Amino acid sequence: MRKENLLDKAQINYLNLHSDEVIDRLIKVIDARGLKNADICRLTWWPASKTSKILNKTQKPSATDLKLLAKAVGYTPEIFLLDNYDIRGYVLSDAIRCISDCVREVYAIDGTISSVDSIQDIVSYEMPLAIIDALNVEPTNYVTKSCIDEKYDEAEMTSSDSDEFVGEISVVLYHRNVTSYDGYTPYIQLLIDDKRNTTVVGLFLRDSEGHLDPKERKKFKNIILANDSDQEWNKLENSDSYWEKMKWSENEIESVIYSKSDIINHNIDKTINMDLSIMLDKYCELVFYLSKGIDIKERKTDITTKDIFSAITGNDFFSEETIAKVLRSRKNKCEIDPEHTSFIDEAGKPYMTVECLLPSFSGYPLEIIKSEANCICLCPNCAAQLRHGSRKDRERMFFTLYREHEAALRNQGVDLSLGDVLKLNEL
Ligand SMILES: [Zn+2]
């Protein structure tokens, strides 16, 4: 239940922020389906006046209006729609605050009292997602577990009669497929101490008993070239932390410790994400060592949802940068025949189009498909002829293009004969 409430909040923020874009997109869908205002009235149960005001854009729709309208025209209520396409994507950072904001909320620095209730959503939902987002890993590859440890200290309880939450907070993260090796379980953890004096981001390791022998700990610290955690700890010697150094360091392999003032004064806003990324790298190293060779490090490319959509539809395939680069290197000349002419575009240059030599679904990775080596620069006439010309003309054109691009493609590791290229282009 809580999760849904928070998701709603995030959606509402998103919709309020992007209401102009979303309504434009929905109006396009309504037009495309030939729906009339009366249809929309019936689907949404809005009065006719409201319907026409919203569709004529004289009334700004609320987030609820947008969700209802989206649902009425066939979308699920989760309309985290991206770009101008009917493709659903979800940008975590649009809906979830960054880690440091979440931590500050848990610290209740605005003077409010943080009760267990008030931080439950943040700790169990928003923080894990903020961490996943900061690490830029595939969310489905990682498991996160949050814990609000409400164990009150007896003495503390009697001396304090406020409702303020006292207890340890932790968010644990580990790769779904690598839980433990030889009884060792590595994990990344964000840990906030009982009284919120200290926050730790670190890499931890548990043996089957839940602890770690000091000798073993030292060995593992050496393997990943971990920093000296005593030094980290000493920075906080006077910070009145409720953690005992010994207790804290039981499973620690590497960590960065932030003081309360670091958190409150926004000193960690950028570094906490970086520190977590470093922990992830070391976590992957540790997994590599423990598993004797399993590499779980994700190597993300900059392929976006839009790219994948474009690959499916064949629209706007190359990035503006790639297109600009290709046009420059080909000097805005048609690769079939540099004498071909075209109209003059806004920039005062002969307009040329950039196409793929290997089509987007030829089975090669998008990095190769989108590479400069695969870009062909054609005059609009040749571009159309390459797809719609006679078989003979198309074969001749592909032959010319293949000769031009063969070497560059081979440099990318693509070794294809002319026959392969023709086949891939359905010739
Ligand atoms: Zn041409």
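This is a predicted model: local features need pLDDT of at least 70, side-chain atom pairs count only at pLDDT 80 or more; totals for chains, interfaces and linings use all residues.
Visitor: Which residues touch the most other members of the largest nonpolar core?
Guide: Met127 and Tyr283, out of 61 residues in that core. A nonpolar core is a set of buried Ala, Val, Leu, Ile, Met, Phe, Trp, Tyr and Cys residues joined through side-chain atoms within 4.5 Å. Buried means under 20% relative accessible area with a 1.4 Å probe, protein chains only.

Visitor: Which element gives the core its largest share?
Guide: Helix 8, with 11 residues. Helices here are DSSP runs of H or I, at least four residues, numbered from the N terminus.

Visitor: And what does Tyr283 touch?
Guide: Its contacts (heavy atoms within 4.5 Å) include Tyr142, Tyr174, His175, Pro186 and Leu203, not counting residues up to four places away in sequence.

Visitor: New topic. At what angle do helix 2 and helix 5 pack?
Guide: About 25 degrees, with axes 11 Å apart. That makes helix 2 roughly parallel to helix 5, a label for angles under 35 degrees. Axes are lines fitted to C-alpha atoms over the stretch in contact, and angles run from 0 to 180 degrees between N-to-C directions.

Visitor: Which residues meet there?
Guide: Ser19, Val22, Ile23, Leu26 and Ile30 in helix 2 meet Leu66, Leu69 and Ala70 in helix 5.

How values were computed. Residues are numbered from 1 along each chain as its sequence is written. Side-chain values use heavy atoms; hydrogens and water are left out. Helices (H or I, at least four residues) and strands (E, at least two) are DSSP runs, numbered from the N terminus. Angles under 35 degrees count as roughly parallel, over 145 as roughly antiparallel, 65 to 115 as roughly perpendicular and the rest as oblique. Buried means under 20% relative accessible area, exposed over 50%, partly exposed in between (1.4 Å probe, protein chains only).
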